[in-house]
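Have the sequence and the 3D view ready.

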Amino acid sequence: MSKSQLVIVGSGSAALVAAMIAHDEGCDYIRIIEKAPEAEMGGNTRFTPGFWRFAFKDQDEVRSMGLLPQITEEEWKGIYLEPYSAEDYYNSIMKVGLGRPKKEFARWIADESNDITRYLTSQGVRWMFATSFVTATENDRTYNGGLFMSSEGFGPGLIKMQLEALGRRSLQVEYDTAAVDLLRDKSGAVIGVRARMPDGSYEDIHGVVILASGGFEANPEMRTRYLGPDWNIVKTRGTRFNTGEMMQAAFNIGAQPFGHIAGTHSTCVDTAAPDLATLDLATDTTRISHQWGVMVNRLGKRFTDEGLDWLFQTYVQVANDVLKQPGNMAYQVFDSKVVNLLDKTRYPTANPAVANTLEELADQIDVDKTTFLATIQEYNDAIDDSVPFDATSKDGLATVGLSPNKSNWAQKMDTPPYRAYPVESGITFTFGGLKQDMDSRILDFQDKPIEGLYGCGEITGGFFYTNYPAGSGLVKGAVTARAAARHAANL
């Protein structure tokens with residue numbers, strides 16, 4: 001096999017980064033094939049806000065990296081970025097994953113996150129401050145917990161900028177070209193893929209293969225098989241083309257399943273969201289400001305700790321908790337004290353129930369009214385008023401004696417008008433997948449590399465379990481893609 005022959009399956013950020021790096025490494029024959037038509041290319045990346053989490057020493061380092069040249073000196077005076085080291089990043093992954101992520105993988109993402117950010121910036125990727133996960137007053141903005149940045153133009157903007165970088169290398173994506181199986185030689189090495197071409201014919205495309213084709217979240221059969229029956233009819237927040245065929249093809253030739261195969265990234269979405277996400281809505285239907293209010297199910301009962309940690313550390317777990325409620329449905333309830341804290345890019349697209357009393361609110365939503373009113377009263381009575389509310393820190397303003405308690409930001413629900421947003425759990429991507437090594441080579445059941453086969457991004461497992469820190473998925477994709485491309489291009 002010539003070192004310069006490479007087939008990349010997919011066209012999300014991980015795939016495009018792999019193509020960029022492979023070209024940088026001297027690979028002069030690169031085919032990027034994508035199942036979707038051009039209008040729907042880009043994988044799940046196109047559906048994300050482009051959140052980008054990386055390790056940095058302090059605010060001065062961020063400024064020295066030239067990531068946000070559009071921010072003036074005067075604007076910087078009103079911005080605070082909490083320092084976020086590689087150790088903090090590692091601990092974030094391990095904490096929300098309940099200690100289960102492969103430690104080597106968590107270190108990999110954390111340790112290389114800063115450098116891959118610098119690389120993409122050098123390739124023309126532009127950044128902006130994230131419009132979510134910020135605590136803002138009239139003159140100041142505070143970003144805690146490492147997440148403060150997203151790609152300019154969100155996920156679609158990231159793909160656009162990466163395509164421009166590929167264009168400068170004279171590389172392009174082949175659309176409507178679906179990889180359906182892996183090709184092997186007599187020794188068992190992978191030597192390419194079989195692909196369904198735009199005209200419906202089949203073609204064998206030869207080369208070292210990098211799978212960057214995502215998980216199986218858009219495949220209800222695989223969801224039911226691997227995640228369980230509750231996941232059969234959930235709304236899909238990402239691309240409809242992530243249906244798992246190439247993950248299954250790798251399993252079929254002996255690739256080792258790895259990671260939290262029954263785990264997913266899920267998010268609370270508006271109950272009016274479509275069953276399959278559309279690019280025009282993207283993340284507009286997401287509802288993740290739960291920490292500022294109270295969540296109740298149809299029985300009128302609380303069921304989760306809304307203030308356990310910062311939103312980006314808890315929103316996956318909260319969505320998983322919603323899935324367990326009757327009808328996969330709950331309400332996020334807020335009073336007027338916190339309306340200014342709700343996500344300003346998403347909640348304005350909603351149509352909440354609004355009322356001047358809690359009794360009137362209960363009449364407008366699908367809850368047991370008596371239980372709902374009792375739940376709110378118990379919640380109000382359980383709050384320790386001696387602790388001041390502070391939206392810029394985990395303030396310890398908690399309830400006492402409830403099950404579950406609210407650990408932070410537990411203000412009384414007492415200031416009308418009241419708002420209730422109906423939500424359900426929607427799936428974004430799957431956590432489990434193929435096992436890889438630190439060169440992104442896919443491993444068999446003996447932990448031996450399958451020659452000629454690599455994986456990056458969401459198709460590989462072992463990085464996230466139960467939950468994940470927002471903004472680390474795209475970084476995982478880029479870091480694993482770089483390793484795959486560097487190794488594959490130099491065979």
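Q: Which way do the residues of strand β17 (residues 294-297) point, and are they buried or exposed?
A: First, keep in mind that this is a predicted model. In β17, Val-294 and Val-296 point one way, while Met-295 and Asn-297 point the other way, and all are buried. In a regular strand, side chains alternate between the two faces of the sheet.

Q: Why is Thr-267 called buried?
A: Buried means under 20% relative accessible area. Thr-267 has 1% relative accessibility, so it counts as buried. You can find Thr-267 in strand β16 (residues 264-270). Leaving aside neighbours within four places in sequence, its contacts include Arg-237, Thr-286, Ile-288, Tyr-315 and Glu-424.

Q: How do you know that Cys-27 is in no disulfide?
A: A disulfide needs two cysteine sulfur atoms within 2.5 Å. The nearest cysteine sulfur to that of Cys-27 belongs to Cys-456 and is 14 Å away, so Cys-27 is in no disulfide. By this rule, the count for the structure comes to zero disulfides.

Q: Are Cys-27 and Cys-268 buried or exposed?
A: The cut-off for buried is under 20%. Cys-27 has a relative accessible area of 2%, so it is buried. Cys-268, at 1%, counts as buried too.

Q: What makes β10 (178-184) and β12 (202-206) edge strands?
A: Begin with the open sheet of three strands, whose order is β10-β11-β12 with antiparallel pairing. β10 and β12 each have a single partner strand, so one side of each is left without a neighbour in the sheet. From one strand to the next, the twist averages 30 degrees.

Q: What packs on this sheet?
A: Helix α8 (residues 245-252) packs on the sheet and touches β10 and β11. The direction of α8 makes about 15 degrees with that of β10.

Q: How do you know that strand β11 (residues 190-196) pairs with β12?
A: Pairing needs at least two bridges. β11 and β12 have five bridges in the antiparallel sense, so they pair. Val-193 stands opposite Ile-205 in β12.

Q: Why is strand β23 (residues 449-455) called mostly covered?
A: Five of the seven residues of β23 are buried.

Q: In which sense does β23 pair with strand β13 (residues 208-211), and in which with strand β22 (residues 441-443)?
A: β13 and β23 pair in the parallel sense over three bridges. β22 and β23 run antiparallel and are joined by two bridges. Tyr-454 of β23 stands opposite Ile-210, and Tyr-454 is also the bridge partner of Arg-441. In the hairpin of β22 and β23, with five residues between the strands, Asp-447 takes a positive phi near 60 degrees.

Q: Why is Leu-98 called exposed?
A: Exposed means over 50% relative accessible area. Leu-98 has 61%, so it is exposed. Leu-98 sits in the loop between α4 and α5, and its phi is near 55 degrees, a positive value in a residue other than glycine.

Q: Where are the peptide bonds from Ser-403 to Pro-404 and from Pro-416 to Pro-417, and what is omega in each?
A: The bond joining Ser-403 and Pro-404 is cis, with omega about 0 degrees. The bond from Pro-416 to Pro-417 is cis, with omega near 0 degrees. Pro-404 lies in the loop between α11 (369-381) and β20 (418-430), and Pro-417 is found in the loop between α11 and β20.

Notes:
Residues numbered from 1 in each chain as written. Predicted model: local features only at pLDDT ≥ 70, side-chain atom pairs only at ≥ 80, totals over all residues. Heavy atoms only, no water. Helix = DSSP H or I, 4+ residues; strand = E, 2+ residues; numbered from the N terminus. Axes fitted to C-alpha atoms, helices over the stretch in contact; angles between N-to-C directions. Contact = heavy atoms within 4.5 Å. Buried < 20%, exposed > 50% of the residue type's maximum accessible area, 1.4 Å probe, protein only.
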